[in-house]
Amino acid sequence: MGIFEQLFGLKCPGCDTPLTRATICLECEHALVPRHVPGFVYLGDYQRFGRLSRSIKYGGQSKLAEVLGRKMALGVRQAEWQLAGVTAVPTMLHRQAQRGYNQSELLARAAAEALKVPFKPVLQRAVYTKSQTKKTLAERLALPEDSFRATAKVGGVWLLIDDVLTTGTTYKRARAALLEAGAAKVHGAAIAVKSPHTLSEFSL
């Protein structure tokens, strides 16, 4: 048993093994490597690593977002995207107030810092919806097209970060708002993706 587990009862958010180092175990950190599909970078399979998002959202593990954001930045550098800015898929204000942060914004800020590119919160929720985790598949796919709006005009190529992608609908709506605000192209990044095939339409 490691010192972290002995002292605090901490377990790795990726695999539940006792932690012998801060944040995440070495095995999971090595398994989280940038994966690329056209226009998108993600770090792992949703079935294995979707739980990392829940650890940040509900477990208060905000420091984990720094580790994962830097790994996303590595994927961006590998893809050689020349970015004008980085932003995040916004959450509802009351949810952000409950948690004290937006988990996607923590990831985006860490990635932007590693890339030395400005982070700007240029999107906001325009339509109230219940949590995606509480929706049926049909409800997720039916997310209103005007769910997001931009708070400022943008230009150039942008990176849009979400924590995870399941159906891809939330990302698609946020991406459309960013394009409407003037972005020439929008690339994306997330911790985990349920099905990379859902990202095929975002390569343009």
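Visitor: Are K57 and D163 buried or exposed?
Guide: Both K57 and D163 are buried, where buried means under 20% relative accessible area, exposed over 50% and partly exposed in between (1.4 Å probe, protein chains only). This is a predicted model, in which local features need pLDDT of at least 70 and side-chain atom pairs count only at pLDDT 80 or more, while totals for chains, interfaces and linings use all residues. Residues are numbered from 1 along each chain as its sequence is written, and side-chain values use heavy atoms, leaving out hydrogens and water.

Visitor: What does K57 form with D163?
Guide: They form a salt bridge, with the closest N and O atoms 3.5 Å apart; the term requires a side-chain nitrogen of Lys or Arg within 4 Å of a carboxyl oxygen of Asp or Glu. The pair links distant parts of the chain, 106 residues apart: K57 lies in helix 3, D163 in the loop between strand 6 (157–161) and strand 7 (164–165). Helices (H or I, at least four residues) and strands (E, at least two) are DSSP runs, numbered from the N terminus.

Visitor: How many salt bridges does the structure hold?
Guide: It holds 5. One of them joins R51 to D16, the closest N and O atoms being 2.8 Å apart.

Visitor: Why does R51 count as partly exposed?
Guide: Because its relative accessibility is 26%. D16 is partly exposed as well, at 42%.

Visitor: Turning to S53, which residues is S53 in contact with, leaving aside neighbours within four places in sequence?
Guide: S53 is in contact (heavy atoms within 4.5 Å) with D163, V164 and I191. S53 belongs to helix 3, residues 46–59, and counts as buried because its relative accessibility is 3%.
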